[in-house]
Amino acid sequence: MPNTQLTAVLFMVLSMVAYQISASFAKQLFEVLDPLTVVTLRLCFASILIILMFRSWKIIKRLPYLKWKDLLLYSGSVCLMNVLFYASLGKLPQGIAVD
């Protein structure tokens, strides 16, 4: 496997592990918070990480040229997916909800 493919596979595995760990933490938060609040916290934390990792402040001059409709539709669908997933985690065991 070339180096780029190995890197892609490692990032994918890291992504899967991070998703499972965040679901485990979220499951514990349901005793205190409702699923919508947990999703809001998760998405805010993820936004902060993305801003820092990809140095998003460097693209400010390109903001007028972004495809805002596509970006907002994608963001809304990710938010809805997370709300539904965490709502299912609040009612089902994690193994069943994840599969």
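Patches are made of residues with over 30% relative accessible area and no salt bridge, where like charges are joined within 9 Å and nonpolar side chains (Val, Leu, Ile, Met, Phe, Trp, Tyr) within 5 Å. The model is predicted, so that local features need pLDDT of at least 70 and side-chain atom pairs count only at pLDDT 80 or more, while totals for chains, interfaces and linings use all residues. Residues are numbered from 1 along each chain as its sequence is written, and side-chain values use heavy atoms, with hydrogens and water left out.

**Fold**
- The protein has four helices and zero strands, which follow the pattern α-α-α-α along the sequence; helices (H or I, at least four residues) and strands (E, at least two) are DSSP runs, numbered from the N terminus.
- Of the contacts (heavy atoms within 4.5 Å) between residues at least 6 apart in sequence, 69% join residues at least 24 apart.

**Surface**
- The accessible surface comes to about 8,100 Å², with 73% of this belonging to carbon and sulfur atoms, as given by the Shrake-Rupley method with a 1.4 Å probe.
- Buried residues (under 20% relative accessible area) make up 10% of the 99 residues.

**Patches**
- A nonpolar surface patch consists of V9, M12, V13, M16, V17, I21 and F25, which together have about 640 Å² of accessible area.
- R55, K58, K61 and R62 form a positive patch, Lys and Arg being counted as positive.
- K61 sits in the loop between helix 2 (35–53) and helix 3 (68–91), and K61 is exposed (over 50%), with a relative accessible area of 70%.

How values were computed:
Salt bridge = Lys/Arg side-chain N within 4 Å of Asp/Glu carboxyl O. Charge placed at Lys NZ, Arg CZ, Asp CG, Glu CD. Buried < 20%, exposed > 50% of the residue type's maximum accessible area, 1.4 Å probe, protein only.
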